[in-house]
Structures are given as C-alpha cells and as structure tokens.
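Have a look at the structure, try each task, and then read on.

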Amino acid sequence: MASHPYLAHIASDGREQTVAAHLQETAALCSSFAAEFGQAQRGAFLGMAHDIGKNSDAFQKRLLGGPRVDHATAGALECAKRGESEMACCVVQHRLSRRSNLYGQNQKSPNRQHPPLSLGGGIAFPRQEATA
C-alpha cells in the first residue's frame with residue numbers, strides 16, 4: 001500500500017491530509033502550547049507521537065471503510081520506550097477523550113459504545129463516561 005503517502009484524514013469534500021503533514025502540524029501546535037511552560041521540545045515530540053499509528057496499512061484500509069484499528073497504542077508505546085511515561089499517558093488520554101466524547105468532540109455519534117483501549121501486556125483502559 002505504500003505506493004503513495006499514508007493519509008491521516010480524508011475530509012467529506014475529498015481533501016486529504018497526509019500523516020506526515022498531520023504530525024508536523026500537530027507537533028508545531030503542541031510545541032507552541034508547551035513553550036508556555038518551558039517544554040516546547042517535549043510538546044513537539046508529543047505532537048509527532050500522538051497519531052503515528054496512522055502510518056500503517058491497517059489504518060489506510062480503515063480510511064477506505066475497513067474495520068476499526070487501534071492507532072493510538074503505537075504513539076503511547078513510542079513515548080514509553082523513550083522513558084516518557086507522562087507523555088505516553090497524554091497520548092492515551094487524548095484517544096480516550098476523543099473516543100468517549102469527554103470533551104464533546106465526537107459529534108457524529110456521541111452515544112456510541114467503544115471497547116476498552118488496550119496498551120498490550122494486559123493493560124487496558126475502560127471507556128470513560130462523559131459528565132455533563
């Protein structure tokens with residue numbers, strides 16, 4: 001499947017965003033936010049890590065209507081491998097909050113049930129219920 005760049009998003013009007021562009025743009029935003037408390041470099045790393053799992057054939061098939069895939073674990077594991085357990089938690093929380101509509105971001109189906117997010121090794125995080 002790697003004959004063209006991997007995509008992170010396909011908009012309803014057909015516009016595409018590559019994984020590389022998505023990660024670079026997110027890294028720039030995270031870096032600027034984290035610079036406020038002296039952690040610009042760590043913010044940039046977190047932005048690059050958060051959706052790195054979209055850089056896979058399985059996720060590309062998902063964009064075309066294939067089965068759901070866990071693209072969050074890859075970024076959390078990359079953070080953990082580098083001794084950045086706090087950043088691994090940020091990646092996991094970002095995915096959990098999006099999946100559970102915790103911040104009102106899942107407008108398409110706010111009541112959809114999601115299975116627990118697994119980090120492998122028997123570690124799973126249950127779906128969090130949004131509170132009003």
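**Exercise 1.** Classify R82 as buried or exposed, then find its salt-bridge partner.

*Solution.* This is a predicted model, so let us begin with the accessibility.
- Step 1: R82 has a relative accessibility of 52%. The exposed class begins over 50%, so R82 counts as exposed.
- Step 2: The side chain of R82 forms a salt bridge with that of E78, at 2.5 Å from N to O.
- Step 3: E78 has a relative accessible area of 23%, which makes this residue partly exposed.

**Exercise 2.** Work out which parts of the chain the salt bridge between E86 and R42 ties together.

*Solution.* 
- Step 1: Check the contact. The N to O distance between the E86 and R42 side chains is 3.8 Å, and the cut-off is within 4 Å.
- Step 2: R42 is partly exposed, at 31% relative accessibility.
- Step 3: Widen the view. A network of salt bridges links R42 and E86 with E84.

**Exercise 3.** Decide whether the salt-bridge partners D51 and K54 are buried or exposed.

*Solution.* 
- Step 1: The D51 and K54 side chains meet at 3.3 Å, N to O, in a salt bridge.
- Step 2: Both D51 and K54 are buried, a class that requires under 20% relative accessible area.

**Exercise 4.** How many salt bridges does a search of the whole structure find?

*Solution.* The search gives 6 salt bridges. The pair D51 and K54 is one of them.

Notes. Residues are numbered from 1 along each chain as its sequence is written. This is a predicted model: local features need pLDDT of at least 70, side-chain atom pairs count only at pLDDT 80 or more; totals for chains, interfaces and linings use all residues. Side-chain values use heavy atoms; hydrogens and water are left out. Buried means under 20% relative accessible area, exposed over 50%, partly exposed in between (1.4 Å probe, protein chains only).
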